[in-house]
Amino acid sequence: MTTLQGLIRRGIINTNMQFERLGYISNNIGNLNTNAYKAVRFEQILDENGYLDGVVRYDYKQGAFMRTERPLDVCLTGPGFIPVTSPNGDVQYTRDGSFKLDKDGYIVTNDGYLVGDGIKVPVNHEGLRIKQDGTVMIIQKGHTEYQTLGKIPVVQFQNPEGLKSAEYNKVIATEESGEPRLIKEHSYIAQGGLERSNANYIGNVNEVLRLNSSMIAGTRLIHVIDDMYQKSINLTQ
């Protein structure tokens, strides 16, 4: 038999769980313009005792292609991630292909992570081409044929939902995700564009409105039960 105190406790725990879900939805809305951002779902579960629990799920479906015409922008058009290495040697993974050249001519992410094993672009080049398999090629001044510089690698994981989120739109491999597997033959890279966020703006806003109504109802119920509890205490005095 559930006491009034138990009802209050359950109401508070369930409302806090709703607030946690609201935080994930708000994060989706805040990242609508983040390149290749993957939406997060907080799936709620109601147990046999009436308590809410939640599981975080990542939606890795493809985001829309946005053309930029920048030669170093690449969009992954298939499943997978591009491995990037920090200045400290830590390997992480990203789908954000808004790359640039650092002071030494290497292709890097916007926050300075080295793309792949290190692809250095000479200063005296006239054209840069990135093929669908990730091969980076240039034409040097005074030449007519492309020269291969390297290849942007693409890796896949057995369980992408097991990846851990990191800063600046990157993920880290875990035991749950498994080890990265290099994809040798693919056509997943499109030059001159970026992948947009796959978060659904309208769907997330609707979720916020529904959650807001649910939390208001929940807090009102807690106040009603608390009032009943206080009155029951007064009856015994």
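Predicted model: local features only at pLDDT ≥ 70, side-chain atom pairs only at ≥ 80, totals over all residues.

Me: Which residues lie nearest the centre of the second largest pocket?

Reply: N28, V40, R41, N204 and E207 do, out of 17 lining residues. Helix 1, strand 1 (40-46) and helix 2 (201-235) each supply at least two residues of that lining.

Me: What makes a residue count as lining there?

Reply: An atom of the residue has to be within 4 Å of a pocket point. For the second largest pocket, 17 residues line it, and by class they come out as 6 nonpolar, 5 polar and 6 charged.

Me: And what is the volume of the largest pocket?

Reply: About 330 Å³. Its lining has 21 residues, with Y37, S165, N169, K170 and V171 nearest the centre. Helix 1 (4-30), strand 6, strand 14 (164-166) and strand 15 (170-172) are the elements that give two or more residues to this lining. By class, the lining of the largest pocket has 11 nonpolar, 6 polar and 4 charged residues.

Me: Why is Q92 called buried?

Reply: Buried means under 20% relative accessible area. Q92 has 11% relative accessibility, so Q92 counts as buried. The residue lies in strand 6 (residues 91-94). Leaving out residues up to four places away in sequence, Q92 touches I82, P83, V84, Y113, A166, K170, V171 and I172.

Me: How many of the protein's residues count as buried, as a percentage?

Reply: Of the 237 residues, 37%. The protein exposes about 14100 Å², and carbon and sulfur atoms supply 50% of that.

Me: Where is D59, and what does it touch?

Reply: D59 is in the loop between strand 2 (52-58) and strand 3 (65-67). Not counting residues up to four places away in sequence, D59 touches K38, A39, R41 and N198.

Me: How many helices and strands are there in the protein?

Reply: There are 2 helices and 18 strands. Among contacts between residues at least 6 apart in sequence, 59% join residues at least 24 apart.

Definitions and conventions. Residues numbered from 1 in each chain as written. Heavy atoms only, no water. Helix = DSSP H or I, 4+ residues; strand = E, 2+ residues; numbered from the N terminus. Contact = heavy atoms within 4.5 Å. Buried < 20%, exposed > 50% of the residue type's maximum accessible area, 1.4 Å probe, protein only. 1 Å grid on protein atoms, 1.4 Å probe; cavity = no way out; pocket = protein on both sides within 12 Å on 5 of 7 lines; lining within 4 Å. Points joined across faces, edges and corners; volume = space filled by probe spheres on them. Nonpolar A, V, L, I, M, F, W, Y, C, P; charged D, E, K, R; others polar. Areas by Shrake-Rupley, 256 points an atom, 1.4 Å probe, with all protein chains shown as cover.
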